[in-house]
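Let's take a walk through this structure together, one piece at a time. Keep the picture open beside you as you read.

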Amino acid sequence: MMRVPPSALLGLLVTAVFFGGAILAPWISPYSYDATVGGVWEPATAAHWLGTDGIGRDVLSRMIWGGQITIWVATAATLLSFVTGSVLGFTAAVAGGWVDQALSRFVDLVMSVPSLIFALVVLSVMPVTLPVLILVMGLLDATRVFRLARAVAVDITVMDYVEAARLRGEGWGWIIFREILPNALSPLVAEMGLRFIFMVLFISTLSFLGLGVQPPLADWGGIVKENKDGIVYGIPAALYPAVAIATLAISVNLVADWILNRTTSLKGGRGA
Amino acid sequence: MHPLLKMVVQRVALGCLLLIAASVAIFAGTEVLPGDVAASVLGQSATPQALANLRAEMGLDEPATTRYFAWLLGALHGDLGTALSNKQDIAAAMGQRLGNTLFLASCAAAIAVPLSILLGLIAVRYRGRWPDRLISGVTLATVSVPEFLLGYIVIFALAVKYRLFPSVATIYAGMSLGEKLQVIALPVIVLVLVVLGHMMRMTRAAILNVMQSPYIETAELKGLRPFAIIARHAFPNAIAPVVNVVMINLAYLVVGVVVVEVVFVYPGMGQYLVDHVAKRDVPVVQACGLVFAAVYIGFNLLADILSILANPRLRHPR
């Protein structure tokens, strides 16, 4: 029986609530995300739990729908980043030689520019649509996953069982997916949590700058952008996304910490 | 040649190479789409004549490599081209803004660096007890919130509720230093919060790492007080990693500035960049990207060199 520490359990629970909310958004949000249902910037009431926004839309509904977009985009970008990054990273480690050199130098090239700046440069010529955003974010982030995956895989490729598989004459596909992947999974999964949070922050930042999700759709960053003018009048609508993002970030971090600790203790390390 | 000098020269050469790589990446980043820049600048309703004019103006009939080298050579001579949207010289428009951005960033750094090292030391001294937990908890919260939200929380608390500082950081040439500092107080607070968490955590980890060395145990056994051990034995040996941490976070600060400037409507590089991304003004975006990349690579290079210089083992080679 696996013992889950209370902090990780709390993290899992809250994360599950967020994902559940994202999936069930059409059923649990009290109003439609783009329907004008009240006055301008009404305070919180029984009908509108978080009040209404600058053009009379229900903030709670927009938060739930916004959560759906934020989480969906972040998940898709994380998956893209992981599949690309880890396959390329493993390939570099297994193949070695010029393949490794070429891939590693290419990643150095992309990482020489901060990723937000690079994303802005690319988005200045690309149309800003959801698939483009996911592609840009995922591929830029894949460079970080590549470095981790390559580092982990380089340690594994020198193991005896990999050598044995090579001597048996197994192909690269077998070595990568049957020998390396299962052994590299735990550090990668722990990293996945952190990359997911990074993606949430990334898409929120882009949307806040007006270069992410376009109105009338809005993710959490977009909700801040729409409601920022209210802040000067003491209307807190723009601050709710902060609460959502911080809660999600902290709970995913708790889970990732636990996974990381579990793997180090499995390997006889000093994990708690 | 002294081996230390050789290492430094190597790093500088590597930094230059990386900067050239960054310029390639930025230039290529605007060439990735199937059509060309002119089509995406003008949108779908563009007439063929307008497209042809813009292509001629931007020199798009030339092959990409020719344009890249022309652009790079110009940038090396301080000529960053002209903006598409208002035909202004980019280098001239950028000068003042770059100064503003560096002013903002260096004010933030002047507060964040000593503060985070001090907090790191305190956290190590009281490791596992409430001061450590409090510092770690607060910094975990600040790194979990994106910069722009931190900005609005600070505005909400300090500019709207208590009216301590203005919520918009308008800065212009004729202001005295005192006025400027008053105006940029809020963005500085946000930037400090943004980097403080990372910097403090990494400082704490670096010093804790040193604390596990045998000579620290010796110092403990000879009866030194905990703070004396940290200040006299642990910290000097942790300088190299800490310097590295500081520089990496300063590089990060340069990126954080982009968002914070937009929040506070501060006339700096970040706002210039974001405005022109929305206008699809590609030459400006490329120029800004290059400047940001140069600063970023510069700080990373400085981190490398300083940590070589701060490492006693490398300073006194046998």
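Leaving out neighbours within four places in sequence, B:Ala112 is in contact with B:Val192, B:Val195, B:Leu196 and B:Met199, where contact means heavy atoms within 4.5 Å. You'll find B:Ala112 in helix α5 of chain B; helices here are DSSP runs (H or I, at least four residues) and strands are too (E, at least two), numbered from the N terminus. B:Ala112 is buried, with a relative accessible area of 0%. For that label, buried means under 20% relative accessible area, exposed over 50%, and partly exposed in between (1.4 Å probe, protein chains only).

A quick word on ground rules: this is a predicted model, so local features need pLDDT of at least 70 and side-chain atom pairs count only at pLDDT 80 or more, while totals for chains, interfaces and linings use all residues. Residues are numbered from 1 along each chain as its sequence is written, chains are lettered from A and ligands numbered from 1 in the order in which they are written, and side-chain values use heavy atoms, with hydrogens and water left out.

Now for the place where the chains meet. Chain B and chain A each bring 42 residues to the contact. About 3,500 Å² is buried between them, and carbon and sulfur atoms give 81% of that; buried area is the accessible area (1.4 Å probe) that two parts lose on being put together, summed over both. On the chain B side, B:Phe148, B:Tyr152 and B:Phe156 lose the most area to chain A, together 17% of what that side buries. How many salt bridges are there between chain B and chain A? The count is zero, a salt bridge being a side-chain nitrogen of Lys or Arg within 4 Å of a carboxyl oxygen of Asp or Glu.

Next, the inside. The largest nonpolar core has 141 residues, and A:Leu120, A:Phe208, B:Met94 and B:Ile155 touch the most other members. Such a core is a set of buried Ala, Val, Leu, Ile, Met, Phe, Trp, Tyr and Cys residues joined through side-chain atoms within 4.5 Å. Its largest share, 18 residues, comes from α11(B). Beyond four places in sequence, B:Ile155 touches residues including A:Ile231 and B:Leu186.

Helix α12(B) is mostly covered, with eight of its 10 residues buried. Those buried residues pack against α5 (115-123) of chain A, plus α5 (90-125), α11 and α13 of chain B. After α12(B) comes B:Arg280, whose phi is positive, near 55 degrees.

| Pair | Closest N to O |
|---|---|
| A:Arg105 and A:Asp108 | 3.0 Å |
| A:Arg147 and A:Asp108 | 2.5 Å |

A:Arg147 sits in helix α6 of chain A and A:Asp108 in helix α4 of chain A, so this pair ties together parts that are 39 residues apart in sequence. A:Arg105 and A:Asp108, on the other hand, both lie in helix α4 of chain A, three residues apart, about one turn of the helix. An α-helix has 3.6 residues a turn, so residues three or four places apart point the same way. Is A:Asp100 buried or exposed? At 11% relative accessibility, A:Asp100 counts as buried, whereas A:Arg150 counts as partly exposed at 26%.
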